[in-house]
Amino acid sequence: MSAPVVLIAEQLSPATIAALGPDFEVVHVDGTDREALRSALRSADAILVRSATQLDAEAIGWAPRLKVIARAGVGLDNVDIKAATQAGVMVVNAPTSNIISAAELTVAHILGLARHLPRAHASLSAGAWKRSAFTGIELYEKTVGIIGLGRIGALVAERLRGFGVELVAYDPYVTAARAQQLGVQLVSLEELVERADFLTIHMPRTPETLGMIGEAQLKAMKSSAYVVNVARGGLIDEAALAAALAAGEIAGAALDVFVQEPPADTALTGLDRVNVTPHLGASTEEAQEKAGVAVAKSVRLALAGDLVPDAVNVAGGVIDEYVRPGLPLTEKLGQVFAGLADGAIASLDIEVHGELAEHKVEALRLGALKGIFSKVVSDPVSYVNAPLLAEQRNVEVRFTVDTVSESYRNVITIRGALTDGTTLSVSGTLTGPKQVEKIVEINGYEVELPIPEHLVVFSYTDRPGIVATYGGVLGEAGVNIAGLQIARDEKLGKALSVLSVDAPVEESLIGLLRGAIGADAIHMIDIDTV
């Protein structure tokens, strides 16, 4: 089997390549060359990009083998996450790689504004000596307003505290206790813009945050105040900012990000009172290396079929080591459930019982859905698109956990109803020091059988001679029975036989078995390795 192909579409650090390890074929391409990208994507299992490569729906459609898109950085503006999700492609980034670099650049811009550093440098470089023209202000005892007290905003607060500033912040999702821990007073947005001598914004770009600092907020600020944006272009209304500067409503601004990059005109970049940098928030050697190494590790996990903590379109997150062995078990139970279903699925109940319920087990829901739909649809199914496939088919999915498990330490059960009203169930557990995967229940019948590669399940009216009958039919066909479990419902006079066999049973032989034993139902289930 050939090694998975990892496509490197932009310049990444040697440490990134080293972090991938020797298990992949690494191919380099210029991601901005669409034809070259199209050709390379045909055989790619993963692609690593920064910000220049556009992975839109068209590009994702060029990549039939693609399993993961890794952005060596924080933003994902150049990746069509919806198209990736529909294609079952995991999207990962490095959300914490640049937080120190971005916080330090914010502080640098605040200091640059306070002391007019860019203009003083340009003046002296031109041969002038105008000390009085660049008289600045101290940060000491000034009020700094931070909008967004997340990871970067918190780092900015920590760094500015040493300057003896008063820190106020607006963030509706931060508790008063957390703000107090950071030495920050939480205030309303209206109060913040009125009090701030320096305003810095650290919010994600969403429909709700676009233009959140606009004409009204800028008019409410002190005429001596400055605004800083090192987060995302558009959080500060650029037209309103240019107008406020022209009218003298604020003293200046520092911008590292813009609505259009590079900016289409000089309405802001050409103003003396605006300090600008070309999106340098993550442009440090340390941040670039951290981002590359982080996503390389994520690619390794994704191509191994694992969940990735930094995946933005998967709701699994970090898997507890105690929970991890249950993931392949749950996928296989999902395959068994799908193999038992003779029609479309209407609803699913995924249940986790026992000690597992004391841990974060949401990943098991994804595993069950991935296992089921891998047997239902012909397109590739992953942790990413399995929930979407359920939603598209109007399958109601419920997920429950409880700490009670009577017979085993842990039991995972998948129950469901088909559109014709038929109900099905399959349960499994892990037993012993080797964590052997076992089926322990099918449609209410108690069994205990290690999960094989090939499984035959049939129900019938219980009577003598049935085992000899189906054993004879399979023996004559050269099919070896590796394991056998029989469960009975004495009240109904019914029985269930579960056979593990060494090879798949052909459909014609299934028909012979059905007739020979008068089976109510019979299913041949091939279980893929997980």
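**Pockets, sheets and one buried leucine**

Guide: Among the elements of this chain, H14 contributes the most to the lining of the second largest pocket, namely three residues. The model is a predicted one, in which local features need pLDDT of at least 70 and side-chain atom pairs count only at pLDDT 80 or more, whereas totals for chains, interfaces and linings use all residues. Residues are numbered from 1 along each chain as its sequence is written, and side-chain values use heavy atoms, with hydrogens and water left out.

Visitor: What makes a space a pocket, and what makes it a cavity?

Guide: On a 1 Å grid over the protein atoms alone, a cavity is a set of points where a 1.4 Å probe fits but cannot get out, while a pocket is an open set with protein on both sides within 12 Å along at least five of seven lines; a residue belongs to the lining if it has an atom within 4 Å of a point. Grid points are joined across faces, edges and corners, and the volume is the space filled by probe spheres set on the points. By that account the second largest pocket holds about 790 Å³. It is lined by 33 residues, of which Lys67, Ala302, Gly305, Lys370 and Val381 are the closest to its centre.

Visitor: How do the lining residues of the second largest pocket divide by class?

Guide: Ala, Val, Leu, Ile, Met, Phe, Trp, Tyr, Cys and Pro count as nonpolar, Asp, Glu, Lys and Arg as charged, and the others, Gly among them, as polar. On that scheme the lining of this pocket has 17 nonpolar, nine polar and seven charged residues.

Visitor: Why are S14 and S18 said to stand at the edges of their sheet?

Guide: Two strands pair if DSSP finds at least two bridges between them, and six strands form an open sheet of mixed pairing in the order S14-S13-S15-S16-S17-S18. Strand S14 (396–402) and strand S18 (445–450) each have a single partner strand, so one side of each is left without a neighbour in the sheet. From one strand to the next the twist averages 20°, where axes are lines fitted to C-alpha atoms, for helices over the stretch in contact, and angles run from 0 to 180 degrees between N-to-C directions.

Visitor: How do you know that S15 and S16 pair, and in which sense?

Guide: Six bridges join them in the antiparallel sense, and Gly416 stands opposite Leu424 in S16. The two strands form a hairpin with four residues between them, and Gly421 in the turn has a positive phi of about 95°. S16 is also joined to S17 by six bridges, again running antiparallel; there Ser427 has Glu441 in S17 as its bridge partner.

Visitor: What makes S16 mostly covered?

Guide: Buried means under 20% relative accessible area, exposed means over 50%, and partly exposed lies in between (1.4 Å probe, protein chains only); seven of the nine residues of S16 are buried. H13 lies across strand S13 (345–354), strand S15 (410–418), strand S16 (423–431) and S17, running at about 155° to S16.

How values were computed. Contact = heavy atoms within 4.5 Å.
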